[in-house]
Structures are given as C-alpha cells and as structure tokens.
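Q: I'm new to this one. Can you walk me through a few features?
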Amino acid sequence: MAVIRRHVQADYGALLLALLPRGRAWPRDAGSNTAKMFYALGAELARVEGRVHDLISEGFPSTVEELIDEWELDNGLPDPCTSPPSTLAERIEVLLAHLFGSADGSPGFWTGIASALGYTITITTPPPFTCESECDDFYYADDAAGFNWIVSTASQGASKDALLECLFENFQPSHGLFTFEYSNVGWDEAWGEYWGGNQY
C-alpha cells in the first residue's frame, strides 16, 4: 500500500507564502513578520492534516487507537465470557480475532470450542414435528425444533459450565438455540436417541 506523505508546518508555511502577490509589501524572507505569521498558520494546517491521517488509521481495526472503544462496541466487545484485555495491543488482537475468526457454525467449530475447555460434547438436532411423526412427539417438538441444538456433555462445575454456555451463546447464529444437558447432573443420555435427530 502506498505511503501518503504527511506535510509539516514548513510545507504549509512555504505554500502560503507562495500564494502571496509579488511586491515589496509581501516579503518572503524567513526573518520577516509576514513569513513568521504564515509559518505560524502552517502549524495549524499541518495539525489538521495530521488528524485526517489519524482518522484513516482509525478506520482499520489493525491500526486503531483512539476509536478502539467504538470498534469494540460495534462488535460486542469486550467478550462477556472472559476477562477484558488490559493493553491496546491485546484489545486489537481480540478485535481482529472476532472480525476475521472462523466462526462458521459447523459442528466442528462447536466441538472445537468445547474441546479447548476440556469438554467432549455431542450435539443433537431434534427433527420438527410433521405429519409422519408419532403422536406423542407433539409434546416434545414444535415448528422450531429443528433449530434447537441439544448439547450433551458431562458437567465440570458450575463456573466452567457457565463459561462453556456463554461462549456458545456468544457465537450462536441467529436462527439457532442451544440447550445444554449434563449427563452427571440428571441428564438421561438416552434422551438424544428418543429424539431420533442428527448427532455430531
């Protein structure tokens, strides 16, 4: 990418002096009051141009500084599931991961999140109730059943389970809904077989 040169005070001072009419009333030598005045005005013009360059940098997540709060707000950061990063570099790293991460919503993505936390999960997608369903299925399924994803795993404690659920809900697509069931806190492992849905 081409580097745009930043003009400094001397550049704008010389530019303003060059725009003056010619004649003895408009001296251009550096020691004259006229030159001093226009070089002083050049400082403000250079500052304004510098802020324009800063704004361009703020428009990219990899170079943002002053607008990091706005970038995080637009992207739902800091992550409610984890402790917020403390340095600007860490905040930018989290922002870039959020923007360009591979949250594709596939079963492998969800099992990868769970695996990173030490969980082994099974995801069951119950079939919706149709005219070919058993009569009793009506009590356990509805038109949205196909969008419900049942995550079955073993509990690893309330706080860690809460972190797992928070991460899943943080990335879940708008059309999906996760239901967590833990085998060692009363979850019947045969329940997924009852649904007869797809397991991953």
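Q: Which residue does a disulfide join to Cys81?
A: Cys166. The sulfur atoms sit 2.0 Å apart. Keep in mind that this is a predicted model.

Q: How many disulfides does the count come to?
A: The count is one disulfide.

Q: What parts does the pair tie together?
A: Cys81 lies in the loop between α3 (68-74) and α4 (88-100), and Cys166 lies in helix α6, so the link ties together parts 85 residues apart in sequence.

Q: Is that disulfide left-handed or right-handed, and why?
A: Left-handed, because the torsion about the S-S bond of Cys81 and Cys166 is about -90 degrees.

Q: Cys81: buried or exposed?
A: Buried, with a relative accessible area of 14%.

Q: And what does Cys166 count as?
A: Partly exposed. Its relative accessibility is 21%, and buried means under 20%.

Q: On to helix α6. What span should it have?
A: Helix α6 has 14 residues, 158-171. At 1.5 Å a residue, α6 should span 20 Å. The C-alpha atoms at its ends are 20 Å apart, which agrees.

Q: Which residues of α6 are buried?
A: Asp161, Leu164, Leu167 and Phe168. Seen down the axis of α6, the buried residues fall within an arc of 125 degrees, so they line one face of the helix.

Q: What is exposed on the other side of α6?
A: Ala158 and Ser159 are exposed there.

Q: What covers the buried residues of α6?
A: The cover includes α5 (107-116), β2 (148-153) and β3 (177-182).

Q: New topic: rings. How many aromatic pairs are there?
A: The count comes to eight aromatic pairs. One of them is Phe109 with Trp110, which is edge-to-face. Their centres are 4.9 Å apart, with 70 degrees between the planes.

Q: Phe109 and Trp110: buried or exposed?
A: Phe109 is buried, at 17% relative accessibility. Trp110 is buried too, at 2%.

Q: What about Trp110 and Phe168?
A: Trp110 and Phe168 form a tilted pair. The distance is 5.1 Å centre to centre, and the planes are 35 degrees apart. Trp110 lies in helix α5 and Phe168 in helix α6, so this pair ties together parts 58 residues apart in sequence. Both Trp110 and Phe168 are buried.

Q: Which residues form the aromatic cluster?
A: Phe109, Trp110, Trp149, Phe168, Phe171, Phe178 and Phe180 form one cluster.

Notes:
Residues are numbered from 1 along each chain as its sequence is written. This is a predicted model: local features need pLDDT of at least 70, side-chain atom pairs count only at pLDDT 80 or more; totals for chains, interfaces and linings use all residues. Side-chain values use heavy atoms; hydrogens and water are left out. Helices (H or I, at least four residues) and strands (E, at least two) are DSSP runs, numbered from the N terminus. The expected span of a helix is 1.5 Å times one less than its number of residues. Buried means under 20% relative accessible area, exposed over 50%, partly exposed in between (1.4 Å probe, protein chains only). The arc is that of the directions from the helix axis to the C-beta atoms. Contact means heavy atoms within 4.5 Å. A disulfide is a pair of cysteine sulfur atoms within 2.5 Å. Rings of Phe, Tyr and Trp (its six-membered ring) pair if their centres lie within 6.5 Å; planes under 30 degrees apart count as stacked, over 60 as edge-to-face and the rest as tilted.
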